[in-house]
Amino acid sequence: MATSESGSDQTSSANSDSFHTPYYCEENVYFLCKKLSASGTADADGSDLFVVFISNEKKQTPLWNQKASKRADGVVLWDYHAICVQRKKEGDTPLLVWDLDSSLPYPSPLTSYVSETFQPSFQLFSEYQRFYRIVHAPIFLRYFASDRRHMKDSAGNWTAEPPKYEPIVAEDGTVHNLNEYNEIHAADVMTNAGDFLNAVFTQRLGAVINENQLEEFFLKIP
């Protein structure tokens, strides 16, 4: 991911997960899902985890309380962002957000994360409105791939230092499909909860919803 704001210097030590690489949120969330599952924090198969890509057709998505911001309010205009949402089956906080690039508590309850990160009361022009692609983590871990081509400029130079590990390759051998996840259009939004649930649990690219549906639809997940 990239930002139109000048980001501050970030290091992995600023996060609780050593695999974190600034500006590679899609890879960070991939390994986060694996770690949460392996550690017992989530279900072993990751079935209670969901990857959420946030973007819009303009590829300018305002998020607040971001570590990359130099502003007092922490706002950054990302081209896209990726987070993990956990739908816990027990406990007082059934929906948790894991966002390695946020300055909010880690994890945060979805309700407070939405309030502090998306600032629903802040009136956005229509072209900046956010949309959300929800992908079930077990499906994402099988099919996601990135060769990091989006992080090189026209001369082939890195726009941000890449992770030290090898690029992620999908189980079927695909080497790059990040664009299929972060390209999000208003026309893709699902309005029926049944269609949403079916797509999330069966489709490689999950389902796209708007901001008003976010918490409501997550609470419908069994």
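Colleague: Where does UniProt place the feature "domain: Protein N-terminal glutamine amidohydrolase alpha beta roll"?

Modeller: The UniProt record, an unreviewed entry, puts this domain at residues 20-218. The model itself is predicted. Over residues 20-218 the chain is 26% helix and 18% strand, with the end C-alpha atoms 26 Å apart.

Colleague: What makes Phe140 and Tyr181 an edge-to-face pair?

Modeller: Two values decide it. Their ring centres are 5.5 Å apart, and the limit for a pair is 6.5 Å. Their planes stand at 85 degrees, and angles over 60 count as edge-to-face. Phe140 lies in helix H3 (residues 137-143) and Tyr181 in helix H4 (residues 178-182), so the pair ties together parts 41 residues apart in sequence. Both Phe140 and Tyr181 are buried. The structure holds 18 aromatic pairs, and ring pairs link Phe140 and Tyr181 into a cluster whose members include Phe19, Tyr30 and Phe53.

Colleague: How do you know that the charged end of Lys152 sits over the ring of Trp158?

Modeller: The charged end of Lys152 is 4.7 Å from the centre of the Trp158 ring. The cut-off is 6 Å, and the charge must also be within 35 degrees of the ring normal. Lys152 is listed as sitting over that ring.

Colleague: What makes S4 a partner of both S1 and S5?

Modeller: Two strands pair if there are at least two bridges between them. S4 (residues 81-87) has six bridges to S1 (residues 49-55) and four to S5 (residues 95-98). Val51 stands opposite Cys84 in S4, while Val85 has Val97 in S5 as its bridge partner. S5 and S6 are joined by two bridges, including the one between Val97 and Ser108.

Colleague: Why is S4 called mostly covered?

Modeller: Seven of its seven residues are buried. In a regular strand the side chains alternate between the two faces of the sheet. Here His81, Ile83, Val85 and Arg87 point one way, and Ala82, Cys84 and Gln86 point the other.

Colleague: How do you know whether Ser69 is buried or exposed?

Modeller: Buried means under 20% relative accessible area, and Ser69 has 11%, so Ser69 counts as buried. Ser69 lies in the loop between strand S2 (61-63) and strand S3 (76-78). Asn65 is found in that loop between S2 and S3 too, and at 18% relative accessibility Asn65 is also buried.

Colleague: What makes the backbone at Tyr23, Asn65 and Pro107 worth a look?

Modeller: Most residues other than glycine have a negative phi, and most peptide bonds are trans. Tyr23 has a positive phi of about 75 degrees, and Asn65 one of about 60 degrees; neither is a glycine. Tyr23 is found in the segment before helix H1 (25-39). The peptide bond from Tyr106 to Pro107 is cis, with omega near 0 degrees, and Pro107 is in the loop between S5 and S6.

How values were computed:
Residues numbered from 1 in each chain as written. Predicted model: local features only at pLDDT ≥ 70, side-chain atom pairs only at ≥ 80, totals over all residues. Heavy atoms only, no water. UniProt positions renumbered as here; feature names shortened; annotations may be inferred. Phe/Tyr/Trp six-rings, centres within 6.5 Å; stacked < 30°, edge-to-face > 60°. Buried < 20%, exposed > 50% of the residue type's maximum accessible area, 1.4 Å probe, protein only.
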